[in-house]
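I keep these notes as I look things up. Each entry takes one part of the model and records what I found there.

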Amino acid sequence: MSIELVNKNLRNWQGRKEWFFNREHTDTYEQWYEGRYKRAEVWQKKVIEQLVKKDERVKNLLEFGCGTTRFTRWWKNIGIEATGGDISPFMLSQAIHLFDGDLVMADSHAMPFKDHTFDAVAFITTFEYYKDPVKVIREAARVGKHGLVFGMMNRNSPKVVRRRVQQVFGQNPFYVTATFYTPQHLINVIREALHGRGFTIEWTCTGLPRWFPLQQWSVPYGDFFGLYVKLLS
């Protein structure tokens, strides 16, 4: 089956148009990080590494919504073996040429893995696009034995206002269907999804202006936050 035919069948996933089923947008995805987002990527990886490496049980993970594997390729740099999963055939058609690990095309709401297949499951700037976040978290907690990793675009950021204004003028298609979370908003969803199960949560923010004296802090403001859910046995 061709990528075009697969993509046609997925266009109504979640009942709405998503930018990652549009090759016009996916073909330039890697260029974002090589340009204006390069500095942001450095800090995003710093905060994610700090959070995940505190849990020494995590030796491998599944990154869902891996896209072109921009972050998936990076995990090995901090000693973690990664597998990538995504629902976009256009993203994965690039990923197979960039990533030498395992990849799967699947829906995050129904992950095709047995219980506790991985030590952790990660979502890096992809969780914002799920219409049923509670279901996705429950699936991730089923597949991931020890932890859940979130790298999120923060609602508490002036960039959110800029993005919404751009959308009004048709200049930014990437966030039309995105739900922007704050750390507390995400924590509330996690608590609902994992009700009755033991866990702890740690988070930190980055994505602050270049001129700001701090580039990372434990205040819920900044363009990006990392959050780690440590699942307790």
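I start with a definition: I call a residue buried when its relative accessible area is under 20%, exposed when it is over 50%, and partly exposed in between, using a 1.4 Å probe and protein chains only. By that rule Arg142, at 24% relative accessibility, counts as partly exposed.

Entry on the source. The model is predicted, so I note that local features need pLDDT of at least 70 and side-chain atom pairs count only at pLDDT 80 or more, while totals for chains, interfaces and linings use all residues. Residues are numbered from 1 along each chain as its sequence is written, and side-chain values use heavy atoms, with hydrogens and water left out.

Entry on helix α6. I take helices (H or I, at least four residues) and strands (E, at least two) as DSSP runs, numbered from the N terminus. I found α6 mostly covered, with 8 of its 11 residues buried. I listed the buried ones as Pro133, Val134, Val136, Ile137, Glu139, Ala140, Ala141 and Val143. For contact I use heavy atoms within 4.5 Å. The buried residues of α6 pack against β1, β4 (118-124), β5, α8 and β7.

Entry on helix α8. Which residues of α8 are buried? In this helix (residues 183-193) I noted Pro183, Leu186, Ile187, Val189, Ile190 and Ala193. Looking down the axis of α8, I see that its buried residues fall within an arc of 160 degrees, so they line one face of the helix. The arc is taken from the directions that run from the helix axis to the C-beta atoms. The cover over these buried residues includes α6 (133-143), β5 (144-153), β6 (199-206) and β7 (224-231).

Entry on salt bridges. Side chains of opposite charge can pair when their charged atoms come close. I count a salt bridge when a side-chain nitrogen of Lys or Arg is within 4 Å of a carboxyl oxygen of Asp or Glu. This rule gives 6 salt bridges.

I looked up Glu41 and Arg70, whose closest N and O atoms are 2.9 Å apart in a salt bridge. Glu41 is in helix α4 (residues 38-52) and Arg70 in the loop between β1 and β2, so the pair ties together parts that are 29 residues apart in sequence. Both Glu41 and Arg70 are buried.

Next I took Lys54 and Glu202, which form a salt bridge at 2.5 Å, N to O. Lys54 is in the loop between α4 and β1 and Glu202 in strand β6, so this pair ties together parts that are 148 residues apart in sequence. Lys54 is exposed at 54% relative accessibility, and Glu202 is partly exposed at 34%.

Glu139 is buried, with a relative accessible area of 13%.

Entry on Ile80. Is Ile80 buried or exposed? Ile80 is buried, at a relative accessible area of 2%. I placed Ile80 in the loop between β1 (60-64) and β2 (81-86). Not counting residues up to four places away in sequence, Ile80 touches Val52, Val58, Lys59, Asn60, Leu61 and Trp75. The C-alpha atoms of Ile80 and Lys59 are separated by 5.0 Å, though the two are 21 residues apart along the chain.
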